[in-house]
Amino acid sequence: MLLLAQGSKAWLRLSLLKTPIFPRTLGSKTLSKRTGLPQGPKLRTRLLITALFGAGLGGAWLVVRAEKEQRRQQCRTEALRQAAVGQGDFSLLDHHGHTRCKADFRGQWVLMYFGFTHCPDICPDELEKLVQVVQHLEAQPGLHPVQPIFVTVDPARDNVAAMARYVQDFHPRLLGLTGSAEQVAQASRSYRVYYSAGPKDEDQDYIVDHSIAIYLLNPDGLFTDYYGRGRSAEQIADSVRQHMAAFQSVLS
Amino acid sequence: MAAPSMKERQVCWGARDNYWQCLEENAEDASRCQQLRKSFESSCPQQWIKYFDKRRDYLKFKEKFEAGQFQPSKSPANS
């Protein structure tokens with residue numbers, strides 16, 4: 001439809017280019033002897049009307065398209081609002097012994113990592129990286145502080161005291177979360193975290209195999225992005241900044 | 001058994017790095033690095049020693065693999 005409007009406008013311009021020097025004759029339908037083109041205001045009028053009609057159709061099409069886009073956006077916002085309230089909820093104990101759930105972090109950006117305190121190298125490395133990201137963002141004036149969270153996938157050993165001992169080595173605002181086996185299982189399911197305790201050795205020690213990712217949650221509590229081992233602290237900080245700049249809340 | 005603190009972790013990693021450095025220098029000859037091996041074993045939990053040993057095996061394998069030392073079999077009839 002838009003093509004038709006554009007086409008008729010182009011045709012109108014073309015025909016005006018060709019007929020500037022021909023004399024105006026009212027009601028004439030005769031062909032010019034020089035070029036063979038039909039001339040006269042009647043044709044010009046017809047062309048003008050066609051062009052206006054085409055433009056009108058084009059305009060109407062644009063308005064309808066904009067309305068459709070707006071409706072689609074509203075549906076998406078509504079779906080996100082429902083997800084923000086229902087999905088990814090958890091009920092866990094922080095390292096001070098207080099119960100926390102997802103709604104407690106509404107209004108804050110959250111960087112979350114799932115691991116365990118008996119981890120040989122990966123969890124400390126990833127948590128160091130997470131802390132560096134938080135520090136990069138803290139250094140930037142005007143940005144709200146990001147909340148770093150460490151959730152254990154080894155609730156059998158990582159009780160509140162163990163979590164408190166562990167998180168103090170990384171960052172004063174790093175929050176450790178633990179709970180019962182069911183609570184941890186539920187939180188891990190929400191964030192699609194795989195974990196599996198390995199075989200115990202003579203002193204009952206074991207390693208927990210688990211998926212490795214830092215999750216970014218937006219202030220509505222919605223999962224926004226995730227970062228694997230391959231991303232550096234600078235890359236993650238850049239990504240978080242971009243998400244912050246683009247963020248629009250779906251909750252009032 | 002409490003998890004190692006940050007300091008304990010760093011002591012363990014240091015001992016591991018020293019041991020691995022010795023292995024690098026001696027072409028994986030463990031008999032020449034026994035002192036460092038003992039130090040490594042006393043600094044780290046047993047689970048971690050097993051884990052780091054496996055990790056070293058994997059890293060060595062990965063080096064060889066990336067250097068092209070493992071070629072796919074050219075006779076599919078044998079499988």
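Over residues 47–64 of chain A, what percentage of the chain is helix and what percentage is strand, and how far apart are the end C-alpha atoms?

Mentor: This is a predicted model, in which local features need pLDDT of at least 70 and side-chain atom pairs count only at pLDDT 80 or more, while totals for chains, interfaces and linings use all residues. Residues are numbered from 1 along each chain as its sequence is written, chains are lettered from A and ligands numbered from 1 in the order in which they are written, and side-chain values use heavy atoms, with hydrogens and water left out.

Over residues 47–64 of chain A, the chain is 100% helix and 0% strand, with the end C-alpha atoms 26 Å apart. Helices (H or I, at least four residues) and strands (E, at least two) are DSSP runs, numbered from the N terminus. An unreviewed UniProt entry lists these residues as "transmembrane region"; such annotations, given in the numbering used here with shortened feature names, may be inferred rather than shown by experiment.

In chain B, helix α3 (residues 46–66) has 21 residues and reaches 30 Å from its first C-alpha to its last, close to the 30 Å expected at 1.5 Å a residue; the expected span is 1.5 Å times one less than the number of residues. Among the buried residues of α3(B) are W48(B), Y51(B), F52(B), R56(B) and K60(B). Here buried means under 20% relative accessible area, exposed over 50% and partly exposed in between (1.4 Å probe, protein chains only). The buried residues of α3(B) pack against α3 (122–138) of chain A, and also against α1 (6–25) and α2 (34–43) of chain B, where contact means heavy atoms within 4.5 Å. W48(B), Y51(B) and F52(B) also belong to a cluster linked by ring pairs, together with Y19(B), W20(B) and F40(B). Just after α3(B), G68(B) takes a positive phi of about 85°.

Two disulfides are found over all chains, each being a pair of cysteine sulfur atoms within 2.5 Å. One joins C12(B) and C44(B), with their sulfur atoms 1.9 Å apart. C12(B) in helix α1 of chain B and C44(B) in the loop between α2 and α3 of chain B are 32 residues apart. The torsion about their S-S bond is about 110°, so this disulfide is right-handed. C12(B) is buried at 1% relative accessible area, C44(B) at 7%, C22(B) at 9% and C33(B) at 1%. In sequence order, the bonded cysteines of chain B pair 1-4, 2-3.

Turning to chain A, F114(A) and Y215(A) have ring centres 5.9 Å apart and planes at 85°, so the pair is edge-to-face. Rings of Phe, Tyr and Trp (its six-membered ring) pair if their centres lie within 6.5 Å; planes under 30 degrees apart count as stacked, over 60 as edge-to-face and the rest as tilted. F114(A) in strand β3 (residues 110–115) and Y215(A) in strand β8 (residues 214–217) of chain A are 101 residues apart. Both F114(A), at 1% relative accessible area, and Y215(A), at 9%, are buried.
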